[in-house]
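Have the viewer open while you read.

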Amino acid sequence: MNKKKSPSIAEVLSLFLPDGILEYFDIVSEITQETCFILCLEEKNIVPDEISTLNLHSHGFHPEVEVQDFPIRGKAVYLRIKRRRWKDIDTGKVYSRDWRIVAHGTRITAEFGSFLKELLRQ
């Protein structure tokens, strides 16, 4: 008899998050309060294709931003997002993923594109 593997918390939460977000972000913590859920996300350490030829290393994160998402079970949902930075070892220049390029790509949904537009405003 085959045992079914229980889904991870990330797999369950992915059902409630903008499509594609877990492709770019890891859930590092979650907070449940009486009136809301807070999910803390960090951008994965995956260098964007458009700068992958540079000699880069991870250089921390931009200040965290908070974006409100669709409510779940009558509770507000907030996503606390930390976007990654990379530093070019040769020039000292700092880079980040260009979310406008990602949003214009074909691999994400319109919902995730709208989410990224909101993230860029902050």
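## Salt bridges and surroundings

Glu42 and Lys82 make a salt bridge, with their closest N and O atoms 3.6 Å apart. Glu42 sits in strand β2 and Lys82 in strand β5 (residues 75-82), so this pair links parts that are 40 residues apart in sequence. Bear in mind that this is a predicted model.

How many salt bridges does a search of the whole structure find? It turns up 4, and here are some of them:

| Pair | Closest N and O atoms |
|---|---|
| Glu42 and Lys82 | 3.6 Å |
| Lys44 and Asp26 | 4.0 Å |
| Glu43 and Arg97 | 2.8 Å |

Take Glu43 and Arg97, with closest N and O atoms 2.8 Å apart. Glu43 belongs to strand β2 and Arg97 to the loop between β7 (94-95) and α3 (99-104), so the pair ties together parts 54 residues apart in sequence. Buried or exposed? Glu43 is buried, and so is Arg97.

Then there's Lys44, which forms a salt bridge with Asp26. Lys44 is in the loop between β2 (36-43) and β3 (56-61) while Asp26 is in strand β1 (residues 25-32), so parts 18 residues apart in sequence get tied together. Lys44 counts as partly exposed because its relative accessibility is 22%, and Asp26 is also partly exposed, at 38%.

What about cysteines? Cys36 is buried at 7% relative accessibility, and Cys40 is buried at 11%. The whole-structure search finds 0 disulfides.

Finally, Val12, Leu15 and Phe16 make up a nonpolar surface patch with about 300 Å² of accessible area together. Leu15 lies in the loop between α1 (9-14) and α2 (21-24), and counts as exposed because its relative accessibility is 69%.

Definitions and conventions
Residues are numbered from 1 along each chain as its sequence is written. This is a predicted model: local features need pLDDT of at least 70, side-chain atom pairs count only at pLDDT 80 or more; totals for chains, interfaces and linings use all residues. Side-chain values use heavy atoms; hydrogens and water are left out. Patches are made of residues with over 30% relative accessible area and no salt bridge: like charges are joined within 9 Å, nonpolar side chains (Val, Leu, Ile, Met, Phe, Trp, Tyr) within 5 Å. Accessible areas come from the Shrake-Rupley method with a 1.4 Å probe; for residues, only the protein chains shown count as cover. A salt bridge is a side-chain nitrogen of Lys or Arg within 4 Å of a carboxyl oxygen of Asp or Glu. Helices (H or I, at least four residues) and strands (E, at least two) are DSSP runs, numbered from the N terminus. Buried means under 20% relative accessible area, exposed over 50%, partly exposed in between (1.4 Å probe, protein chains only). A disulfide is a pair of cysteine sulfur atoms within 2.5 Å.
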